[in-house]
Amino acid sequence: MDLGFGDSNQIIGSAVATNLLRSTQAQEEAIQSEISKYDALLESHDSELEALREKRLSQMKKAADQRSKWIENGHGVYSDLEGVSGQHGGDVAKAFFEAAKKSSRMVVHFHRPTTRNCDVFHRALTELAPKHPETRFLKINVEGCDDVRESGSGVGAKYLVEKLGIVVMPTLLIVKDRKASHQLRGFDELGGREDFSVVELAYVLGGHGALTRRDDEEAEPKFLGETNRGVVGMNSLRMQFGEGRRGPRSGGFSDDFDED
C-alpha cells in the first residue's frame, strides 16, 4: 500500500497504516461492546430487569439517606462555628471537636474580619458548600485571640489556633476522620492570586482529599503549570494535584484531636 510517503519512507507509511487499523478495530470493539449490553437488556427476563431496577433504587435511596444525614449535621452551607457553639456554652473548641466527630471531612476557615483577604475565601466557600454536601464548611473568627487571658468567649478559638499551629490569616484547615491533615495558608497554593475561581479552589481542595471533585472541577488550573509563584513552587503543586491524585498531602498535623 503506497500512502504517498515515497519509497524511502514506505516503512513509516506502513506503520501509520497499522496504527490506524488498530485504532479503528478498537473503536469497533468498543461500539460492539455497548451494543451487546443493550442486546442483553432486550433479552433479559422480567425478573432480571426487576432485579436491576431494585438495585438502582437501593443505590438511590442510600445516596439520599446519606445526603439527608449530611444536611442534618450542618453540611451544604458555609456556617460560623461560633453560631452553633451556643449549645456548648459558647466554647468554640468544644463545638469544633463535636463537629469533627459527626463529619468525616471538614474545611475550616480561620479568619479575621479585619483581614480583607479573608473575604475572598468567604465568597468562594459560600458558593462551594452547596455543591459539596459531602464536606462540612465552617469558619472561626480568631480576632482578638492574642488578647485573651484566662476566660472569655475567645479562649476556645485561641486554644485551636495554638493547638493546630495557625499562623497565617486566612488559613483553610482540612480535617479528615478527626485529623487535621493539611493547611492552605493564604493563597500560595492558588497561584498566589486572590482572583482564583471557585472551580480552581475545588480542584486544590480535592487534591488534598477535602472533597470529591465534580466532573467540571477536574480540569487542571493554569497556575499549576507556572513555576516559583508565591511561597509554594507551582511545580511541586503540579505533582501533588496531578491527574488521579485525590489523597491528601500531610500538613504536619496528623495527630488525633484530643478534647482534653
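This is a predicted model: local features need pLDDT of at least 70, side-chain atom pairs count only at pLDDT 80 or more; totals for chains, interfaces and linings use all residues.
Residues are numbered from 1 along each chain as its sequence is written, and side-chain values use heavy atoms, with hydrogens and water left out.

Let's start with helix 4 (residues 116-128) and helix 6 (residues 198-207), whose axes come within 10 Å and cross at roughly 80°. Helices here are DSSP runs of H or I with at least four residues, strands are runs of E with at least two, and both are numbered from the N terminus. The axes are lines fitted to C-alpha atoms, for helices over the stretch in contact, with angles from 0 to 180 degrees between N-to-C directions. Helix 4 and helix 6 are therefore roughly perpendicular to each other (65 to 115 degrees; under 35 is roughly parallel, over 145 roughly antiparallel, and the rest oblique). On the helix 4 side, the contact (heavy atoms within 4.5 Å) uses Phe 121, Ala 124, Leu 125, Glu 127 and Leu 128, and helix 6 answers with Val 198, Leu 201, Ala 202 and Leu 205. Sorted by class, that gives 8 nonpolar, no polar and 1 charged residues. For the sorting, Ala, Val, Leu, Ile, Met, Phe, Trp, Tyr, Cys and Pro are nonpolar, Asp, Glu, Lys and Arg are charged, and the others, Gly among them, are polar.

Which residues of helix 4 are buried? They are Cys 118, Val 120, Phe 121, His 122, Ala 124, Leu 125 and Leu 128, where buried means under 20% relative accessible area, exposed over 50%, and partly exposed in between (1.4 Å probe, protein chains only). Their cover includes strand 1 (78-80), strand 2 (105-111), strand 3 (136-141), strand 4 (171-176) and helix 6.

Now for the largest nonpolar core, which has 25 residues, with Phe 137, Leu 201 and Leu 205 making the most contacts inside it. Such a core is a set of buried Ala, Val, Leu, Ile, Met, Phe, Trp, Tyr and Cys residues joined through side-chain atoms within 4.5 Å. Helix 4, strand 4 and helix 6 each give this core at least two residues, and the largest share, 6 residues, comes from helix 6. Leaving aside residues up to four places away in sequence, Leu 201 touches Phe 121, Ala 124, Leu 125, Leu 128, Leu 172, Leu 184, Leu 190 and Phe 196. Apart from this core lies another, of 24 residues, among them Val 92, Phe 96, Cys 145 and Leu 160.

That brings us to helix 3 (residues 92-102) and helix 5 (residues 155-164), whose axes come within 6 Å and cross at roughly 60°. Helix 3 and helix 5 are therefore oblique to each other. Val 92, Ala 93, Phe 96 and Phe 97 of helix 3 meet Gly 156, Ala 157, Tyr 159, Leu 160 and Leu 164 of helix 5. The residues of this contact split into 8 nonpolar, 1 polar and no charged.

Finally, the rings: the whole structure holds 5 aromatic pairs. One of them, Phe 97 with Tyr 159, is edge-to-face, at 6.4 Å centre to centre and 70° between the planes. Rings of Phe, Tyr and Trp (its six-membered ring) pair if their centres lie within 6.5 Å, and planes under 30 degrees apart are stacked, over 60 edge-to-face and the rest tilted. Phe 97 sits in helix 3 and Tyr 159 in helix 5, 62 residues apart. Phe 97 is buried at 6% relative accessibility, while Tyr 159 is partly exposed at 30%. Phe 96, Phe 97 and Tyr 159 form one aromatic cluster.
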